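Subject: Structure handover

Dear colleague,

Here is the structure you asked for, with notes on what turned up in it. Please read the notes with the model open.

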Amino acid sequence: MPKISTDTLWEQAAAEVRGREGESRGADGGESVSERTVFLMGSKAGVRLQLFRYVDEPSKPTLALEYTFGRRARGHNTPKDIAHLWELGGGTSLSDLVQIPITPDSVSYVSIILVLDLSKPNALWGTMEKLLNAAHTQLEEVQHAGKTKSGAKPQTNALSSARVLPKDYPDRELISPFPVPLLIIGSKYDVFQEFDSDKKRVVSKTLRFVAHYYAASLLFTSIKSESLMSKTKSFFSHLAFGVDKGKTVSCDSSKPLVIPAGSDSFSQIGSPPAMDLDITSLHAKNPKDLWRKVYEHVFPQESTSEQRELKDPASDPQYSEPQIDAMRAQKDQCTIYCMTFASCWYSLLATGCSRCH
């Protein structure tokens, strides 16, 4: 009699994927298949995974965490590389879900895309800080688990060497590289470009500082601009499949920023644009804290303690299932009936509700 496995369905699926991955990575001496993970997170109204797939289809809001995948052949009759694509919905309200795409199995080949809504600068820093902190914490926990777990595969410890920068990287000794490749996207540039020039300068220079501090790439985009979306897709394809992202560099705050990692420097960025603020009066613990204080002086930040405003999927027409919906409606009616007539509630627990039987 075959032994009954006690593994969950998820564990069995994960084991099967790892097995296939080992076979596809050249066990027979052939050309290996590359697998990467790209994790998108950010403002509620940002660039979505759907924009990288079917631009003509209307974008639907991500309810929580959405997964899809993409394949790309390197050439004729060659194995197709695989990109696992995750998108976190709900802004900062579901930041705890970063633990799902960032795992010991994915950490050695994961990249993160942080999408920030340029049209809402008063929520920008808070969104950025909370999500990056959540991702960084999860990456550290995964690394720690990989070091302490007995018999761990070498790939679980790859985080410590994942972002080794070249010796000639600008300001190499002054920055704090994010543990994995990071791309910061400023969305809704079409709205942002109508802002006052001084305020645009504050946002642009601040994001340039943050991106350079984390050794990240930075670009501004808009779904209303075909050329900007083309550049965005190039950066996305670079993270997903390792293709060339192009050589365009634009650091002019009066134009959409396109700054690949390593193309900027603190000397080019300059000091924080304090406007009417005396920087010497600020008590900052470090340069990043100074930039935050200056930014929040110009754009006081809204509270990031978002309530979970996510709509109930059961009431969304796109998930309509007539038979299931009818049964759910009957169950809800019975629950209300029983709770209304509480005197009979306990007596019905053993036999069930008379309205249901």
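Two strands are said to pair if DSSP finds at least two bridges between them. The term is needed for L218, which stands opposite I259 in strand 7. Please note that this is a predicted model.

The sheet

Strand 6 (residues 217-220) and strand 7 are antiparallel partners, joined by two bridges. They belong to an open sheet of seven strands with mixed pairing, in the order 2-3-1-4-5-6-7. Strand 2 and strand 7 (258-259) are the edge strands, each pairing on one side only.

Two helices pack on this sheet. Helix 4 (residues 197-213) touches strand 4 (110-117), strand 5 (182-187), strand 6 and strand 7, and the direction of helix 4 makes about 155 degrees with that of strand 6. Helix 5 (residues 226-241) touches strand 1, strand 2, strand 3, strand 4, strand 5, strand 6 and strand 7. The direction of helix 5 makes about 135 degrees with that of strand 1.

How much of strand 3 is buried? Eight of the nine residues of strand 3 (residues 80-88) are buried, so the strand is largely enclosed by the rest of the structure.

On one pairing, strand 3 runs parallel to strand 1 (residues 35-42), with six bridges between them. L40 has E87 of strand 3 as its bridge partner. On the other pairing, strand 3 runs antiparallel to strand 2 (residues 65-73), and nine bridges join these two. Here A73 has K80 of strand 3 as its bridge partner.

Strand 2 and strand 3 form a hairpin with six residues between the strands, where N77 takes a positive phi near 55 degrees.

E66 lies in strand 2. With a relative accessible area of 26%, E66 is partly exposed. The C-alpha atoms of E66 and F39 are separated by 10.0 Å, and the two residues are 27 apart along the chain.

Helix 4 against helix 7

Two packed helices are described by the angle between their axes and the distance between the axes. For helix 4 and helix 7 (residues 287-298), the angle is about 160 degrees and the axes are 11 Å apart. Angles over 145 degrees count as roughly antiparallel, so helix 4 is roughly antiparallel to helix 7. The crossing of helix 4 past helix 7 is left-handed.

Which residues make the contact? Helix 4 contributes V202, V203, K205, T206, F209 and Y213, while helix 7 contributes P287, K288, W291, Y295 and V298. By type, the residues of this contact are eight nonpolar, one polar and two charged.

Two residues with positive phi

D171 is not a glycine, yet has a positive phi of about 60 degrees. D171 sits in the loop between helix 2 (121-148) and strand 5.

A215 is buried, with a relative accessible area of 1%.

Regards

How values were computed:
Residues numbered from 1 in each chain as written. Predicted model: local features only at pLDDT ≥ 70, side-chain atom pairs only at ≥ 80, totals over all residues. Heavy atoms only, no water. Buried < 20%, exposed > 50% of the residue type's maximum accessible area, 1.4 Å probe, protein only. Helix = DSSP H or I, 4+ residues; strand = E, 2+ residues; numbered from the N terminus. Contact = heavy atoms within 4.5 Å. Axes fitted to C-alpha atoms, helices over the stretch in contact; angles between N-to-C directions. Parallel < 35°, antiparallel > 145°, perpendicular 65-115°, else oblique. Left-handed = near helix turned anticlockwise from the far one by under 90°. Nonpolar A, V, L, I, M, F, W, Y, C, P; charged D, E, K, R; others polar.
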